[in-house]
Amino acid sequence: MQRAQFKIDVQSDDPIWTQARQELWRRVEQHDFEPDTPLNFTRRLARDHGWSLEDARAAVDAYRRFCFLAIVSPTPVTPSEVVDEVWHQHLIYSRDYWLIWCGETLQARLHHDPTPGGPEAQMTYRRQYAETLALHERAFGPPSPELWPATHLRFARPRYHITDRSRWLVMPKPIAWIRSRFRR
């Protein structure tokens, strides 16, 4: 099986779901992010980010799609901030990430390169992100705006910041807290 048949041309009318891509997606869907342990990957993701288990599962599903797109895209893809948070956590589960996820599931290395910074890199990542959204729409339909905000929102300013809660009092914004209570 040649790698070339995996790549998806966003402009083409060729079918997205070739046999090879279907097999890749089947492996991606079957990867177990919730093994039977008290603090599995998804539960830890929810705990560490203050997300509900449902929100963490949605983020993991978005991460699955992103990784699939990273393998089938002929050009680099850029994750949303939520997907990037899942990716960061998966990297610290290094045995699962490198041996099972990349080795068996994706059957390819998927490196996470940090931005070099600066306006040129910002423009590159904005373009790549917009292309990632277009590829997502072609393969999976329109992405969820909560997990994949529009490009201008994704690059407006960072949403995440690591704060030592033993030194700072952190309070939710009232409207976000109210929405989260009524969403359940």
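Which pattern does the protein follow, read along the sequence? Colour the model by secondary structure: the pattern is α-α-α-α-α-α-α-α. That gives eight helices and zero strands. Helices (H or I, at least four residues) and strands (E, at least two) are DSSP runs, numbered from the N terminus.

This is a predicted model, in which local features need pLDDT of at least 70 and side-chain atom pairs count only at pLDDT 80 or more, while totals for chains, interfaces and linings use all residues. Residues are numbered from 1 along each chain as its sequence is written, and side-chain values use heavy atoms, with hydrogens and water left out.

**Whole chain**

Show the surface. The protein exposes about 12,000 Å², and carbon and sulfur atoms supply 54% of that. Accessible areas come from the Shrake-Rupley method with a 1.4 Å probe; for residues, only the protein chains shown count as cover. Of the 184 residues, 38% count as buried. Buried means under 20% relative accessible area, exposed over 50%, and partly exposed in between (1.4 Å probe, protein chains only).

**Stop 1: helix H1**

Select residues 19-30, helix H1. Its 12 residues should span 16 Å at 1.5 Å a residue. The expected span is 1.5 Å times one less than the number of residues. The end C-alpha atoms are 17 Å apart, which agrees.

Now pick Ala 20, Arg 21, Leu 24, Trp 25, Arg 27 and Val 28, which are buried. They cover an arc of only 160° around the axis, which puts them on the same side of H1. The arc is that of the directions from the helix axis to the C-beta atoms. Gln 19 and Gln 30 are exposed, on the face turned away from the buried side. What covers the buried residues of H1 includes helix H3 (53-72), H5 and helix H6 (119-140).

**Stop 2: Tyr 63**

Go to helix H3 and select Tyr 63. Is this residue buried or exposed? Tyr 63 counts as buried, at 0% relative accessibility. Leaving aside neighbours within four places in sequence, its contacts include Phe 33, Trp 87, His 90 and Trp 101. Contact means heavy atoms within 4.5 Å.

**Stop 3**

Thr 42 is in helix H2 (residues 41-49). Thr 42 is buried, with a relative accessible area of 1%. Not counting residues up to four places away in sequence, Thr 42 touches Glu 34 and Arg 57, among others.

Select Glu 34 and Arg 57 together: their side chains meet in a salt bridge (2.7 Å, N to O). The pair links distant parts of the chain, with Glu 34 in the loop between H1 and H2 and Arg 57 in helix H3, 23 residues apart. A salt bridge is a side-chain nitrogen of Lys or Arg within 4 Å of a carboxyl oxygen of Asp or Glu. The whole structure has five salt bridges.

**Stop 4: pairs within a helix**

In helix H2, Arg 44 and Asp 48 are four residues apart, about one helical turn. Their side chains meet in a salt bridge (3.1 Å, N to O). Arg 64 counts as buried, at 10% relative accessibility, whereas Asp 61 is partly exposed, at 35%.

**Last stop: Trp 98**

Trp 98 is in helix H5 (residues 94-106). Trp 98 is partly exposed, with a relative accessible area of 33%.
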